[in-house]
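Let's take a look at the salt bridges in this protein. Have the chain open beside you as you read.

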Amino acid sequence: MDKTLPRSSIKESFLSVIIPTFNAQKRLLLLLKSLDNQSVNNFEVIVVDDGSTDGTGETIAGLMKSYDFSLSYYYLDNTDIFGAGIARNYGAKHSKGNILLFLDQDCVAEKDLIKKHTDHHRTKEIVLGYYAGYGNDYECYDLSKLNDYVQKGRTIPVIKEFRNQLFNDKPNNDAWKCFVSAHFSIKKETFLNFLFDESFIKWGCEDVDLGYRLFKEKHPIHFVKECIVYNSSPDPKRTKEKFISQSESLICMYKKYQTDELRSYCFERFYNTPLKHRGSLQLILKNNKFEIIKSLTKIIIDKNRHSLIRLGPDLMDVSSTIENITSLIKSVHFDVGIIKKLKNSVLTDFINIFHGLIRTLRENNININLDDIRKQSFLIGTQIVGPKLLVLDFYNLCNVQCLFCPTFTPLKKKKTSYDPPAIDLPLAQQILDQAYAMGVGTIRISSDGEPLHSPKALPILEYIADKGFSLELLTNGTMLKKEHLVPLSKISNVNILVNFSAAKKSTYQSIYAGDPDNYDLVVKSLSKLIRLKKTKINKSFIITTTYIITKLNYHEISDYILIVKNLGIDHVYFKFALPYEEGSGILVSSKEIPQVKNELINAESQAIKCSLGTNINNLLRDIDNKRYKITKDTRGFDPYQPSKHCYNGWFFGRINSSGDYYICCRETVPVDNVKNVSFRNIFFSNRMNELLAEGAAGIDPEKDMWSKCNFCYHLKTNNDTRKWLDNK
């Protein structure tokens, strides 16, 4: 049905304002009044009613002659569809101007709006104007204040709209994504060659579709902030019903073009919608066709691109969706939903798919937090992801003989014979590939000897850098070469721990048997690392020296603080030498403990003054708690007592140079050997489950696995995890 009312008899317009409307009489009249206040009169107004039932036509008819501009009114019987695009096309075809200005019914025009659009079209073909307050979740306009602005000329602030950052007069290839038909102007000749696609009869996307076609045909789109309208809508723009309608329109748009950029846009638009509107709905793409499904997996993305993904048993259905939204996120915190209810057969598939997802996210440089997944593994009695830290001891020879080293100490009368290194480069790379997909965050490169002494050190460091792992490198500092610095510079999070346990060169030579120039080599290595650290402004690069306390060097602790601070070291880690039979003579005696304590107190005071990090407070607390004492069984210090429950294996794993995999830094009983069984299969084996369950149930020193468990560096991890479990 088409109703045309008589037009006011004023001179023909240059610009045609086209307003689609539906049941919004009050806001429409406010817009018309704001147009009546314009500083120029070279325009006409065309109102196209999209099927209103609130008497809009009768009201407009009574006001036709009250305005100073030419006003036309058309009625379209579109009550069963969203026909905004149809209404705009209809108005354009009945317009007289050679410039078309499209405004929505909930706009209020700034008084120079027509003039500014007209002026900009002297040099521009398409102008997207500023829609103040639109899409702003925090501020909106009060309708009464807008009415005062229009009726009484009172000033009003400009509230930011959701596209605010695009109004910068710079070319933008993504302009079509924010093509909002509520406020834009275009040369009529151009518009009639494109028009709105009238097949979009649900809410949304008809404007983005037009913008996309204009962009693809290389018609430049300009965001112009000085052309301002104010959003008068008192209702929230986003509702669940509108979201579903918009999503269906998105699917229609992708079906129309099926381009990569449209596929990405569909996911972007869908997942940038708040969870309160999306609810349990997920957008999935199967066989190049989009579907909207209900899902037990929840995906939340905040405005800083941090994502929380709560995994449900239907991850298999939505994993491809998560892979498709990698451009929208920079970090993911994973949580598990009801995975503990999954049957073993389904759980295996779930884990495989999840590991593929982890690999994809890491390849897209997205930070992943899997700590809650590891903790919740206890609840289902099996591992879902790999350990947080994997130690790779790929080499078993050393160029230095340290007195406190039970393996290479010169104090041993009978030297231990070693087989050639067992972890060759292909095997090391295979382990790292599997660790990458399993979610291992940090690789610790240490050794039964000196890792940088190995010719494999450089390619392994390069492989770690390429994979994007965090790195902990334990070295004696004598073998660091220029070529090692290249991969180190590429790794985002690096912690290098240099074994350097003496303040004086003479003391160093008495502790470290080897090349007499090694002390100078260590100092040079530390200087190289400090220079490299200064180039890594936006990356975490921590340089730590470890100081093994013996009766030969405890008197130099205070002097040592000043030396390492002058070098530029970040942190010093002190610990007592561990006992072994031939090395009992270098251990600090019980009588010397008070002197050691005084040295540590003085050192801590100096460290605080020069902002050097240390673990001295923890060490002093352990001394006060009498954790260090000479016993007949240990022949030295027993620094930590075993934890009652052990959860270490979920967070930590070690592969030694023979290929044995351990769930502890102590070489107790190996789970298996990576030469025979892949690292991944070892970690998810029944044997692994059994050992982890034993530890979590409570350590039994009589059992084979725990017979050598006489100290643990991971008490904090164990205690934190135990508290978490108690809360569950």
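Buried here means under 20% relative accessible area, exposed means over 50%, and partly exposed is what falls in between. By that cut-off, Asp-335 counts as buried because its relative accessible area is 15%. Keep in mind that this is a predicted model.

Asp-335 has a charged partner: Arg-310 forms a salt bridge with it, with the closest N and O atoms 2.6 Å apart. This pair links distant parts of the chain, since Arg-310 sits in strand S13 (residues 306-311) and Asp-335 in strand S14 (residues 331-336), 25 residues apart. Arg-310 itself is partly exposed, at 36% relative accessibility.

How many salt bridges does the structure hold? There are 27. Here are three of them, including the pair just described:

| Salt bridge | Closest N and O atoms |
|---|---|
| Lys-256 with Asp-209 | 3.0 Å |
| Arg-310 with Asp-335 | 2.6 Å |
| Asp-624 with Lys-597 | 2.6 Å |

Take Lys-256 and Asp-209, whose closest N and O atoms are 3.0 Å apart. Lys-256 lies in helix H8 (residues 240-257) and Asp-209 in helix H7 (residues 206-216), so the bridge ties together parts 47 residues apart in sequence. Asp-209 is buried, at 0% relative accessibility, whereas Lys-256 is partly exposed at 37%.

Asp-624 belongs to helix H21 (residues 616-624) and Lys-597 to helix H20 (residues 593-609), 27 residues apart. Asp-624 is partly exposed, at 46% relative accessible area, and Lys-597 is partly exposed too, at 27%.

Back to Lys-256 and Asp-209: salt bridges with shared partners join them with Asp-197 and Arg-213 into one network.

Methods
Residues numbered from 1 in each chain as written. Predicted model: local features only at pLDDT ≥ 70, side-chain atom pairs only at ≥ 80, totals over all residues. Heavy atoms only, no water. Salt bridge = Lys/Arg side-chain N within 4 Å of Asp/Glu carboxyl O. Helix = DSSP H or I, 4+ residues; strand = E, 2+ residues; numbered from the N terminus. Buried < 20%, exposed > 50% of the residue type's maximum accessible area, 1.4 Å probe, protein only.
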